[in-house]
Amino acid sequence: MSDKPRLYSYFRSSCSWRVRIALNMAGIEVEQVPIHLVKNGGEQYSQDYKKLNPLGQVPTLEMDGLLLTQSVAIMEYIHDTHPEAHILPEDPATKAKVRMVTEMICSGIQPIQNLSVMQKRSEDQAERMAWSKYWITTGFRALEAVLERTAGECCVGDKVTMADCCIVPQVFNAARFSVDMSEFPIIKKLNDSLSSRPEFMAAHPTQQPDCPPELK
């Protein structure tokens, strides 16, 4: 492995996106290796890539002699090695709230509308869209209720944390699947505010080396 961390990523993958934000918060420069999730049946399923990530998912991070998969585990490692980035707060109660919001998105919402799930659900694109819209809307109703108790300028209080790294990509997904965001004023406000921060802007899909020119 090279000294420079290597991130196997797909420009529009929300799991990769949240890790890119966390890396930016910590000031970690990485070499990006694009893994196209659709081309040739999905490059994530190639034998070479599955040696790195047996689940055939993105992201995968090579860093500090480690080979890490799963976005939350990666973000927690970034926090542990770069605590000055404050990806997680020090206070146990506040930290638990950040993890709660993070898991609501990363375990309770995003996986149900993931590409592999949609492909298994139906071959019909309209049905896939309806499926994802339903589950994101259902998840956002629960998330909005929790954020009523936890949010300030950010998901938990007024400092950017791992939870904020997760919410912005998920709102992007919601827009792709035509979720009515007027029902979720707190989520919308957070997304609008967070998206203007430099570390979030640099992580946006349109800023990634594998983003097609017509989408930039």
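## A first look at strands, rings and charges

A search of the whole structure turns up 6 aromatic pairs. One of them joins Y10 and F11 in an edge-to-face arrangement, with 4.8 Å from centre to centre and 65° between the planes. Please keep in mind that this is a predicted model.

**Aromatic rings**

- Both members of the Y10–F11 pair are covered: Y10 counts as buried at 8% relative accessibility, and F11 is buried with a relative accessible area of 4%.
- The rings of W17 and F172 have centres 5.0 Å apart and planes at 75°, so this pair is edge-to-face.
- W17 belongs to helix α1 (residues 14-26) and F172 to helix α7 (residues 162-176), so their pairing ties together parts that are 155 residues apart in sequence.
- W17 is buried, with a relative accessible area of 2%, whereas F172 counts as partly exposed at 25% relative accessibility.
- Elsewhere, ring pairs link W131, Y134 and W135 into a cluster.

**Strands around β1**

- Strand β1 (residues 6-9) pairs with strand β2 (residues 31-34) in the parallel sense, over 4 bridges.
- Within that pairing, S9 has P34 of β2 as its bridge partner.
- Together, β1, α1 and β2 make a right-handed β-α-β unit; α1 is also the helix that holds W17.
- β1 and strand β3 (residues 60-63) run antiparallel and are joined by 3 bridges.
- On the β3 side, R6 has E62 as its bridge partner.

**Salt bridges**

- R6 is partly exposed, with a relative accessible area of 22%, while E62 is buried, with a relative accessible area of 10%.
- E127 forms a salt bridge with R121, and the closest N and O atoms are 3.5 Å apart.
- E127 counts as partly exposed at 33% relative accessibility, and R121 counts as partly exposed at 44%.
- The side chains of D192 and K188 meet in a salt bridge of 3.0 Å, N to O.
- D192 and K188 both lie in helix α8 (residues 185-194), 4 residues apart, or about one turn of the helix.
- D192 counts as partly exposed at 44% relative accessibility, and K188 counts as partly exposed at 40%.
- Salt bridges that share partners also join R6, E31 and E62 into one network.

**A buried charge without a salt bridge**

- E144 sits in helix α6 (residues 125-150).
- E144 is buried yet has no salt bridge.
- For E144, the nearest side chain of opposite charge is R141, 10 Å away; a salt bridge would need a nitrogen of Lys or Arg within 4 Å of a carboxyl oxygen, so R141 does not qualify as a partner.
- What is E144 in contact with, leaving aside its neighbours within four places in sequence? The contacts are F184, P185, I186 and I187.

Terms used: Residues numbered from 1 in each chain as written. Predicted model: local features only at pLDDT ≥ 70, side-chain atom pairs only at ≥ 80, totals over all residues. Heavy atoms only, no water. Phe/Tyr/Trp six-rings, centres within 6.5 Å; stacked < 30°, edge-to-face > 60°. Buried < 20%, exposed > 50% of the residue type's maximum accessible area, 1.4 Å probe, protein only. Helix = DSSP H or I, 4+ residues; strand = E, 2+ residues; numbered from the N terminus. Pairing = 2+ DSSP bridges. Right-handed = clockwise from strand over helix to strand, strands pointing away. Lys, Arg positive; Asp, Glu negative; His and termini not counted. Contact = heavy atoms within 4.5 Å.
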